[in-house]
Amino acid sequence: MTVTRRTSDFFDSYAHDFDAIYGNKNTPFNRVVNHLFRKSMRLRYAKTIEGCYPVEGKRVIDIGCGPGHFGIALARKGASYVRGLDFAEGMINIARSNAKAAGVDKVCDFMLGDFMKDPIPGRFDYAIVMGVMDYISEPEKAVEKVLSITGSKAFFSFPVDGGMLAWQRKLRYKKRCELYMYTRERLHALFSSAGCGSFEVEKISRDFFVTAVPK
Ligand SMILES: C[S@@+](CC[C@H](N)C(=O)[O-])C[C@H]1O[C@@H](n2cnc3c(N)ncnc32)[C@H](O)[C@@H]1O
C-alpha cells in the first residue's frame, strides 16, 4: 500500500471520531478530554478564523478540510465561496452534511481529491492548511503550491518535533500512517526558500502556526 493510500484510509476510518472532537456530537467525558488534550486544535481554529479577516465576499480554500468546520464557520461569516478538499471520502461526506445542516451548502464546495497530485483551478483570498502538513512528505512542494493559489494569506499548522509529546505521538502513529514533524529552524528555511512576501511562525501548544503572505 502506498504512503498516501495508508493516510487516506486512516482518515477515512477516523472521520466520525475526528468530527466529534469539534463538539456537538460529543459525550461530556470526551468534551473534558478534548478541552485538556486538544489545546492546539482549539488554538489553531481560533487563530485561523480570526486571521481570515475581513471574510465577507472572500474566496477560501481549506486544504485537507476534514469535516469542514473551518470553511463552514467562514461561510457563515459571509465568505462568498469556500472550497474544501480532502482525499478521505468519509471526511468529505461528513463535511457536506455539516454544511447542509449549517445552511451554507450553496456556498461550500467539498471535493474529494489529493492536494499534492490534483490540479487546483482558481485563486483564493485565504488558504487554510490545518492539521495536514503532519502527513505531507514533500513540504516544499506543498507550501509552494498553496502560495501559488493564494492572494492574501495562507495559514498552516506544523507539529512540533522533540520532547515527550512528539515521541508519544510518533509511537501512536506508527501503525496508522507516516508522520512528519518540524523545528522552528526547519520552518524558517522552508518558508524563506518558498519565496513568500513575509511569514510568521508562532508556537501554539503542540503546533507551530504559520501565517504566510505570498509575494
Ligand atoms: C487531522 S485532519 C484535519 C482536518 C481539518 N483541517 C481540521 O483541522 O479540522 C487531516 C486531514 O487532511 C487530509 N489530508 C492529508 N493529506 C492530504 C492530501 N494530500 N490531500 C487531501 N487531503 C489530505 C486527511 O484526509 C484528513 O482529513
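The questions and answers below go through the sheet, the helices, the ligand shell and some single residues of a predicted model.

Residues are numbered from 1 along each chain as its sequence is written. Because the model is predicted, local features need pLDDT of at least 70 and side-chain atom pairs count only at pLDDT 80 or more, while totals for chains, interfaces and linings use all residues.

Q: In what order do the 7 strands of the open sheet lie?
A: Helices (H or I, at least four residues) and strands (E, at least two) are DSSP runs, numbered from the N terminus. Two strands pair if DSSP finds at least two bridges between them. The pairing in this open sheet of 7 strands is mixed, and the order is S3-S2-S1-S4-S5-S7-S6.

Q: Which are the edge strands of this sheet?
A: The sheet has the order S3-S2-S1-S4-S5-S7-S6. An edge strand pairs on one side only, and this holds for strand S3 (108-112) and S6.

Q: By what angle are neighbouring strands of this sheet turned against each other on average?
A: Axes are lines fitted to C-alpha atoms, for helices over the stretch in contact, and angles run from 0 to 180 degrees between N-to-C directions. For neighbouring strands the direction is ignored, and the average is 15°.

Q: Which residue is the bridge partner of Val 60 in S2?
A: S1 and S2 pair in the parallel sense over 5 bridges. In S2, the partner of Val 60 is Val 82.

Q: How many residues of S2 are buried?
A: A residue is buried if 20 or more other C-beta atoms lie within 10 Å of its own, exposed if 12 or fewer, and partly exposed in between; C-beta atoms are placed from the backbone. S2 is mostly covered, and of its 6 residues the buried ones number 5.

Q: Which residues have the most contacts inside the largest nonpolar core?
A: A nonpolar core is a set of buried Ala, Val, Leu, Ile, Met, Phe, Trp, Tyr and Cys residues joined through C-beta atoms within 7 Å. The largest has 55 residues. Those with the most contacts inside this core are Val 60, Ala 127, Ile 128, Val 129, Phe 191 and Val 210.

Q: Which residues does Phe 191 touch, not counting residues up to four places away in sequence?
A: Two residues are in contact if their C-beta atoms, placed from the backbone, lie within 7 Å. Leaving out the sequence neighbours, Phe 191 touches Val 143, Cys 196, Phe 199, Val 210 and Ala 212.

Q: How far apart are the axes of H1 and H5 where they pack?
A: Helix H5 (residues 89-101) lies across S2 and S3 and runs at about 165° to S3. H1 and H5 pack at an angle of about 35°, with axes apart by 6 Å.

Q: Which residues of H1 and H5 make the contact?
A: H1 and H5 pack at an angle of about 35°. From H5 the contact takes Glu 89, Gly 90, Met 91 and Ile 94, and from H1 Phe 11, Asp 12, Ala 15 and Asp 19.

Q: Which element supplies the largest share of the shell around the ligand?
A: A residue is near a molecule or strand if its C-beta atom, placed from the backbone, lies within 6 Å of it. Of the 19 residues around the ligand, Phe 11, Gly 64, Gly 66, Ala 88 and Gly 131 come nearest. Helix H1 (3-21) and strand S2 (81-86) each supply at least two residues of the shell. The largest share, 3 residues, comes from H1.

Q: How many residues of the shell around the ligand are charged?
A: Ala, Val, Leu, Ile, Met, Phe, Trp, Tyr, Cys and Pro count as nonpolar, Asp, Glu, Lys and Arg as charged, and the others, Gly among them, as polar. The shell has 11 nonpolar and 6 polar residues, and the charged ones number 2.

Q: What phi does Ser 205 take in the hairpin of S6 and S7?
A: S6 and S7 pair in the antiparallel sense over 7 bridges. Most residues other than glycine have a negative phi. Ser 205 is not a glycine, yet its phi is positive. The hairpin has 2 residues between the strands, and there Ser 205 takes a phi near 55°.

Q: Why does Leu 43 count as partly exposed?
A: Leu 43 lies in helix H3 (residues 39-51). Beyond its neighbours within four places in sequence, Leu 43 is in contact with Ile 204 and Ser 205. Leu 43 has 17 other C-beta atoms within 10 Å and is therefore partly exposed.
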